[in-house]
Amino acid sequence: MFLKRLRELREDKDLKQTNIANILKMKQQQYARYESGQRDIPLDCLIKLADFYNTSTDYILERTNRKEFIKEK
């Protein structure tokens with residue numbers, strides 16, 4: 001699965017893969033494999049990224065086009 005939205009979200013914040021890899025506590029090469037679809041992204045990383053970008057995992061996975069995430073109370 002190619003997660004092009006991961007790259008779009010990262011680039012919208014003018015961040016490098018290295019920046020995101022540091023947040024996830026991994027090497028840049030490992031993160032690059034997630035972004036390119038060479039490796040499946042683990043659920044815990046997907047959740048951390050959704051929280052970081054203030055969006056939903058469904059948006060990252062292209063299950064919705066709604067970028068904003070509204071937390072239920």
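Student: What joins the side chains of Gln-17 and Glu-35?
Tutor: A polar contact of 3.0 Å joins them. The term needs a pair of N or O atoms within 3.5 Å; within protein, one must be able to donate a hydrogen and the other to accept it, and residues adjacent in sequence count only if both atoms are side-chain atoms. This is a predicted model, where local features need pLDDT of at least 70, side-chain atom pairs count only at pLDDT 80 or more, and totals for chains, interfaces and linings use all residues. Residues are numbered from 1 along each chain as its sequence is written, and side-chain values use heavy atoms, with hydrogens and water left out.

Student: Which polar contact joins the side chains of Gln-17 and Gln-28?
Tutor: One of 2.4 Å.

Student: Why does Gln-17 count as buried?
Tutor: Its relative accessibility is 19%, and buried means under 20% relative accessible area, exposed over 50%, partly exposed in between (1.4 Å probe, protein chains only). Tyr-53, at 7%, is therefore buried as well, while Phe-52, at 33%, is partly exposed.

Student: Why is the pair of Phe-52 and Tyr-53 called edge-to-face?
Tutor: The ring centres are 5.0 Å apart and the planes are at 75°. Rings of Phe, Tyr and Trp (its six-membered ring) pair if their centres lie within 6.5 Å; planes under 30 degrees apart count as stacked, over 60 as edge-to-face and the rest as tilted. The pair is therefore edge-to-face. A search of the whole structure finds 1 aromatic pair.
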